[in-house]
Amino acid sequence: MKMDILIENARIITGFAGAMYAGRGFIGITGDEITYVGETAPEKTEVRKRIDAGRMIAMPGLMNAHTHSPMVLMRNYAADRTLDDWLYKSIIPIENKLTREHIRNGSMLAIAEMIKSGTTAFLDMYFDVDCTAEAALEAGIRANVSLGLLTSHNMNNGLEDAKAFCRKFYSRYHGAGNGLLRTSLEVHSVYLYNEGTLRDSAEFAAETGMTVNIHLHETKSEVERAYGEYGMSPIGICRETGLLDGPVAAAHTVWLTDQDMDIIKEKKVVPVHNPSSNMYLASGFAPVPEMLAKGIRVALGTDGAASNNDLDMFGEMHIAGLIHKGRTLDPTAVSAENVIEMACANGAQAMGFGASGTIRTGNKADIILVDADGLHNVPMLNPVNAMVYSTSGADVDTVIINGRTVMENRRLMTMDEEKIRYNLKKSASELFNI
Ligand SMILES: [Zn+2]
C-alpha cells in the first residue's frame, strides 16, 4: 500500500457519538481520502510523509456551519447595543460602501483565521459571493457558499433573470476544486422575504437540488411578526411554502415552541447553533438540550465576526458547552461529546459534506492536529473534555483538508498571512477612514 501522509501515535477523537475517543493510533491518508485508521502502524506501506503526532490530538476538522466571512471587516466596530442599532446604524451603512475588493480581502482573512483555528469547512452567506468562492478555492478550504434570488440586486430584472444569475453561479462552483466547494440557495430570512419570494425560492430549491441556507427564529420579534403576518411561526410558513422539502440549514433557531421543534425533526432541518452571536445581540438561548432530546442533529457556527467577534470554533464550542448548563441548571444538559458532534459531523451534514466530520476509512481527509501540551491542557486526562473546556484555536498545529496540508506547525501553506493582513487593514482604512 502507498500513503501520502501517515499521522503516527496521535490521540484520536473520531467524531462518532458513543465512540468519541479511540485512544492512541495511526491515521493514513492517500490522495484526498483517509485510507487507514488503526492502533498500530500499517504494515508493508510506503509512506511519503510521516507526522510524529505523539503530543497531538487528531480530530475531524471543525465545520463552521453559519458565517458571513467578509464581516471580519467590521469586527469590533459596534458592540453593546441592540440588534436594530447594531444592524441599521452600524453594519448596514458600512455594508453599503463595500466593494468586491473589500469582500475578497475580508473573505481571505476570514479563511486564514478559520484555518488557523482548526476549521476545515464553512457555510457562507453574503454579497458578491463569487469573491468568497474564489478565495476558498485559492486557500484550499472546503466551503458551501450560498446565493439566493434576492441577493446581489439580481431581482431587478425579474424572477427568470435572478434564476439565471444563480444557476450560473451554481454551475460554476458546485463541485469545483475537486469537490471542495458546494453551493446552496440563500433565503436570508422570513422577514426579508415575502410569501411570493419564499414560494419562488422553494420551487427553485426543488428545481436545482440546492440546500436552503436560512436565518430562522433568531429573535422574539421575528417570530411575533410572522404570527402577525401569516398566523403561524416562521418555520410554519417555511413548511407551508415548501421550503423545507429538501435539505435545510437553519441558523440560530432560538425562539422555538415544541411544535416548531417537531417540524425541525419531521423535515430533517439541521438547526445551526450560534451561541456567541445570540449572546452578543441578546437574542436569547437556543433550546439545544431540548432539540438533542428529540434526536435533532444540531450543528454549530460562529455567525459573522461582527457579532462574535472572531471565527474561532473552539471558542464557540466552549460557549456551547457552558451556557446550556447555566440556563437549565443541569450540568448534563449538553456534554462535551455532544458539542464535538455538533461542531464536526452535524456541521458536515448541514453543508452537504457527508464524507467529512468523522475520522474513518473512506472519509475525506479533513483532519486537524491539536497540540495537547499547552500548559492550559496539562495533564491531558480526557481529550474530549479538553477540546471543549480548555483548548483554544491557537492550539491547532496542523490542518489537512481534502488530503492537502494547508497549515503545518501553525504556518499557512496555501496563503500569505502577511499579505492578507496588509490587504485587510487597507480595506478597513478605506471603510472607516482610519
Ligand atoms: Zn447570520
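Student: How much of the protein chain is buried?

Tutor: Buried residues make up 54% of its 434 residues. Buried here means 20 or more other C-beta atoms within 10 Å of a residue's own, exposed means 12 or fewer, and partly exposed is in between, with C-beta atoms placed from the backbone. Keep in mind that this is a predicted model, where local features need pLDDT of at least 70, side-chain atom pairs count only at pLDDT 80 or more, and totals for chains, interfaces and linings use all residues. Residues are numbered from 1 along each chain as its sequence is written.

Student: OK, helix packing. How do H2 and H15 sit against each other?

Tutor: H2 (residues 100-116) and H15 (residues 417-432) pack at about 135 degrees, and their axes are 9 Å apart. That angle makes H2 oblique to H15. For the labels, under 35 degrees is roughly parallel, over 145 roughly antiparallel, 65 to 115 roughly perpendicular, and the rest oblique. Axes are lines fitted to C-alpha atoms, for helices over the stretch in contact, and angles run from 0 to 180 degrees between N-to-C directions.

Student: Which residues make the contact?

Tutor: On H2, they include Glu101, His102, Met108 and Leu109; on H15, Ile420, Asn423 and Leu431 are among them. Contact means C-beta atoms, placed from the backbone, within 7 Å.

Student: Switching topic: where are the cis peptide bonds you'd flag?

Tutor: One joins asparagine 308 and asparagine 309, with omega about 15 degrees. Asparagine 309 lies in the loop between strand S13 (299-300) and helix H12 (313-328). Another runs from valine 378 to proline 379, with omega near 0 degrees, and proline 379 lies in the loop between strand S14 (367-371) and helix H14 (383-389).

Student: What about positive phi, say at lysine 268 and aspartate 303?

Tutor: Neither is a glycine: lysine 268 has phi of about 55 degrees, and aspartate 303 has phi near 65 degrees. Lysine 268 is in the loop between helix H9 (258-266) and strand S12 (270-273), while aspartate 303 is in the loop between S13 and H12.

Student: Buried or exposed, those two?

Tutor: Lysine 268 is partly exposed, with 13 other C-beta atoms within 10 Å. Aspartate 303 is buried, with 27 of them.

Student: Last one: what surrounds methionine 59?

Tutor: Methionine 59 is in strand S5 (residues 56-60), and counts as buried with 28 C-beta neighbours inside 10 Å. Leaving out residues up to four places away in sequence, methionine 59 touches Ile13, Gly15, Ile368, Val370 and Met387. Isoleucine 340 is 281 residues away from methionine 59 in sequence, yet 9.5 Å away in space, C-alpha to C-alpha.

Methods: Helix = DSSP H or I, 4+ residues; strand = E, 2+ residues; numbered from the N terminus. Contact = placed C-beta atoms within 7 Å.
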